[in-house]
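Please read them with the structure open beside you.

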Amino acid sequence: MADTLEFNEIYQEVKGSMNDGRLRLSRQGVIFKNSKTGKVDNIQASELAEGVWRRVALGHGLKLLTKNGHVYKYDGFRESEFDKLSDFFKAHYRLELAEKDLCVKGWNWGTVRFGGQLLSFDIGEQPVFEIPLSNVSQCTTGKNEVTLEFHQNDDAEVSLMEVRFYVPPTQEDGVDPVEAFAQNVLSKADVIQATGDAICIFRELQCLTPRGRYDIRIYPTFLHLHGKTFDYKIPYTTVLRLFLLPHKDQRQMFFVISLDPPIKQGQTRYHFLILLFSKDEDISLTLNMNEEEVEKRFEGRLTKNMSGSLYEMVSRVMKALVNRKITVPGNFQGHSGAQCITCSYKASSGLLYPLERGFIYVHKPPVHIRFDEISFVNFARGTTTTRSFDFEIETKQGTQYTFSSIEREEYGKLFDFVNAKKLNIKNRGLKEGMKQSYDEYADSDEDQHDAYLERMKEEGKIREENANDSSDGSGEETDESFNPGEEDDDVAEEFDSNASASSSSGDGDSDRDEKKPAKKAKIVKDRKPRKKPLESKKGKDPNAPKRPMSAYMLWLNANREKIKSDHPGISITDLSKKAGELWKAMSKEKKEEWDRKAEDARRDYEKAMKEYSVGSKSESSKMERSKKKKKKQEKQMKGKVEKKGATSKPLSSSKSPAKNMSESFKSKEFVSSDESSSAESKKEDSEEEGGASLPPSSEESASGSD
């Protein structure tokens, strides 16, 4: 038989609410870890007194009773798991797992039994319902009547707030059954009464959540926050964790108390109590107990007279009374040397502290995320500026936290910290991402080269240069336009269409005409590479064969409707997650069948691409020939038009006057002579291919006239 049994998605009933988590049974005892809070309940095997198996609303449940009277309830088991649990209890705990069904007769009279911290209302030998007395907030009595009031359950839409029991009078002398009932309830109920003097009092402490200044009175079993408007009584049993965090300015300290269940103010719930202290504040404290009581109760952790910094005294007293460790930042140090990172969460700015086993953000709203509940983290570029980045955390429950506006100098330190803690990083790159698709922590701390860091640095430099160019405006462009000689080569390459115009205008062009292309060339040179991928996307042929699907996509298309029918109303994202889980759980043999189909589809695609490429080549060659033919015809037409314009109109005013007169004179003789006209027609035919039509020289016109 196995030494351990593990069950996922088990629900523990605590104060009327069902908390999901993982249950583990071993030789040493029973351990339940709450998925939401991370709180661990550990029941030693030697403490177990009784185990009961019964049918409940969530399938089947297990009720465990300990020798000191505590009761633990776990629901969510399947009926088939009874035999396995029963054998395990016999072998390792030497207990019989008894089967007891609840009474469903619907009667409202019976017998009340008090067993440990449980009130059980029975009819005969069968229980109808059970009330954990720790859920009771108040107990009042009347004539033959007892009223129980309960703590409100914040997680439920409807909660039971009150139950009344009618207690018939008895003939026994000297014993009031109503008072006896109430005393049994109050002895185990979670009723907070500020009786007696406080151990110590801290006056006017600054509290960030809930906001205000409060006096903190320390009692043996609870903490009393007394403010001008509100009072809070916080039992030490509701304190989950204590944090002591240095502020980034190194002059202040945060003391954070994590609570479950939270304290309430109207409809607002406070899961964290955050106190802010100055390091310069000192205090001398005297406990309201004699030295023997202090030594006996706190065993040297506290003394009757203490002095020191205020934050040290508060944290020391809380640690001794709550009996929990104080969490402080580990060995993380940011770019500025502080143990935290300035960032924004939702609409407020705050501080993110990387701890040894999680992250905590203070202060509005405070957030604590444990490493064991993180699915992956993600480093993303900032949406508004390149000088910062975002740090995203997604939990296994699907909750996403985005901490934005982090200075980019913090990236290297934060990345190294996340890497050292072996957290799954989403955007590592293609190769590493493939390795980590199924193994959550594979090779997370063995990377020598961080591709994402290099890429982010390069993109940041490019964006910063562009931002500087745009912020400088036209002033920088004007300065560069005075050095056109440095970019002559670029002008010739980028503006080939202007080359003929500049040559035809003669050697006497001014420097101003040369400066303009240099200025334009700079702009085109910066933007041209960005347009290339867009242009290539536009030229996609719709008739080209489509890429083949992968094995997973073929399987998903075939099984999508089946998944929808099995889970009515499922959303698209949940459907994708469910399909991924089913594919992951599929056997290797079944996957091979879809791999074969994917391979066949790939072969068909390659065959179709060969046929398409042959057809497209012949088609493109035809198009090339037709384009060349059309280009030639256009050049011929252009040459004829230019020749005609040269013989009928005077030349442009940019030419010298003497040259203009001689050419106009030559054109007269040239037109009047038959031989010269025939010579011109021959020359025109020979020059049509070159596309240039210049007037004949003086020698040619003279020979023509002779």
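The points below go from the whole chain to single elements and residues.

1. Basis. This is a predicted model, in which local features need pLDDT of at least 70 and side-chain atom pairs count only at pLDDT 80 or more, while totals for chains, interfaces and linings use all residues. Residues are numbered from 1 along each chain as its sequence is written, and side-chain values use heavy atoms, with hydrogens and water left out.

2. Whole chain. The chain has 17 helices and 31 strands. These are DSSP runs numbered from the N terminus: helices are H or I with at least four residues, strands are E with at least two. Of the 706 residues, 34% count as buried. Buried means under 20% relative accessible area, exposed means over 50%, and partly exposed lies in between (1.4 Å probe, protein chains only).

3. Surface and contacts. The accessible surface comes to about 44700 Å². Carbon and sulfur atoms account for 48% of that surface. Areas come from the Shrake-Rupley method with a 1.4 Å probe; for residues, only the protein chains shown count as cover. Take contacts between residues at least 6 apart in sequence: 47% of them join residues at least 24 apart. Contact means heavy atoms within 4.5 Å.

4. Strand 5. Strand 5 (residues 48–56) runs antiparallel to strand 6 (residues 59–66), and eight bridges join them. Val56 has Gly59 as its bridge partner in strand 6. Strand 5 also runs parallel to strand 8 (residues 97–99), with three bridges. There, Gly51 stands opposite Leu97. Two strands pair if DSSP finds at least two bridges between them. In general, strands of a sheet pair through backbone hydrogen bonds, either parallel or antiparallel.

5. Helix 2. This helix (residues 177–188) has 12 residues and reaches 18 Å from its first C-alpha to its last. That is close to the 16 Å expected at 1.5 Å a residue; the expected span is 1.5 Å times one less than the number of residues. Which residues of helix 2 are buried? They are Val178, Phe181, Ala182 and Val185. At the start of helix 2, a side-chain oxygen of Asp176 reaches to within 3.2 Å of the backbone nitrogen of Val178.

6. Eight strands form an open sheet of mixed pairing, in the order 18-17-16-15-21-20-19-24. Strand 18 and strand 24 (326–327) are the edges, since each pairs on one side only. Strand 17 (residues 222–226) pairs with strand 18 in the antiparallel sense over five bridges. Leu225 stands opposite Tyr232 in strand 18.

7. Ile234. Look for this residue in strand 18 (residues 231–235). Ile234 is buried, with a relative accessible area of 3%. Beyond its neighbours within four places in sequence, Ile234 contacts Phe222, Leu223, Leu225, Leu259, Ile263 and Leu273. Pro261 is 27 residues from Ile234 along the chain, and their C-alpha atoms are separated by 9.7 Å.

8. His368. Is His368 buried or exposed? At 19% relative accessibility, His368 counts as buried. His368 lies in strand 28 (residues 367–370). Leaving aside neighbours within four places in sequence, its contacts are Arg241, Phe243, Phe272, Phe359, Ile360 and Glu373.

Conventions:
Polar contact = N/O pair within 3.5 Å; in protein donor to acceptor, adjacent residues only side chain to side chain.
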